[in-house]
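Please read them with the structure open beside you.

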Amino acid sequence: TPNLKVYAGGNSVDVTSETPLNYSVETTVSGNGSLEIGLEVQSGNGSKWIGIDNVKLEYLGYDLTAANEALNDLITLAQEKIGANQAAPVTLTNLSTAIEAAQNVEQTKEAIEAASANLTNYMALADATIEACDEYRNYIALSESMLGHSTADDKLTFQNAINTAKTNFSTAADADAVRAISAGLVAAQQAYCLVASPEEGY
């Protein structure tokens, strides 16, 4: 039958007869353990009746090649997150360690699956800090602008607060820690506003 395929996951074979036949498709089960099997009906089949039944799923073994390809995709994604440098530094350091471990993973099912889970976990932890880190960087930029475009008898206290925030940020491991640093900066900004005078235009 033209333009009709039996598919399993991302692989398929052509249906070659209008009489019921057995077809075999070798494929790889996705990382989440699911597999979709069915008929892919393309154009040109008109009003013909078609169906599929007696589906049998047989385990042929663990595909190290496919598993490594999936792991390499995760490594690439993790490297992109490190390159973007949006997350908290500690989470990116942990992610970098997970990448190195994945690149040197033992070629066993258990080791590859553990490396994949590790990368996925550390990417999620990094992603969870991005919003808080964006807020922190905005507060740092505002604080430095305030300090540079104002006059005050005591600028040192505010400068120290900014320096402390930067030091603490380098060791912040989650979004809550980053938000706590930002809260400290806001308090320092408010205190500085009470004793400082902005330059004209600011």
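Predicted model: local features only at pLDDT ≥ 70, side-chain atom pairs only at ≥ 80, totals over all residues.

1. A salt bridge is taken here as a side-chain nitrogen of Lys or Arg within 4 Å of a carboxyl oxygen of Asp or Glu.

2. Residues are numbered from 1 along each chain as its sequence is written, and side-chain values use heavy atoms, with hydrogens and water left out.

3. Helix α4 covers residues 130-148, 19 residues in total, and spans 27 Å from its first C-alpha to its last, close to the 27 Å expected at 1.5 Å a residue. That expected span is 1.5 Å times one less than the number of residues, and helices (H or I, at least four residues) and strands (E, at least two) are DSSP runs numbered from the N terminus.

4. The buried residues of α4 are Ala132, Cys133, Tyr136, Ile140, Ser143, Met146 and Leu147, where buried means under 20% relative accessible area, exposed over 50%, and partly exposed in between, with a 1.4 Å probe and protein chains only. Seen down the axis of α4, these buried residues fall within an arc of 145°, so they line one face of the helix; the arc is that of the directions from the helix axis to the C-beta atoms.

5. The face of α4 turned away from its buried side carries the exposed residues Glu131 and Asn138. What covers the buried residues of α4 includes β4 (150-151), α5 (156-169) and α6 (175-193), contact meaning heavy atoms within 4.5 Å.

6. Glu144 forms a salt bridge with Lys166, with 2.5 Å between the closest N and O atoms. Glu144 lies in helix α4 and Lys166 in helix α5, so the pair ties together parts that are 22 residues apart in sequence. Glu144 is partly exposed at 37% relative accessibility, and Lys166 is partly exposed at 37%.

7. Within helix α6, Arg179 and Asp176 lie three residues apart, about one turn of the helix, and their side chains meet in a salt bridge (3.8 Å, N to O). Arg179 counts as partly exposed at 37% relative accessibility, whereas Asp176 is exposed, with a relative accessible area of 58%.

8. The side chains of Asp14 and Lys5 also meet in a salt bridge, at 2.5 Å from N to O, and Asp14 is partly exposed, with a relative accessible area of 44%.
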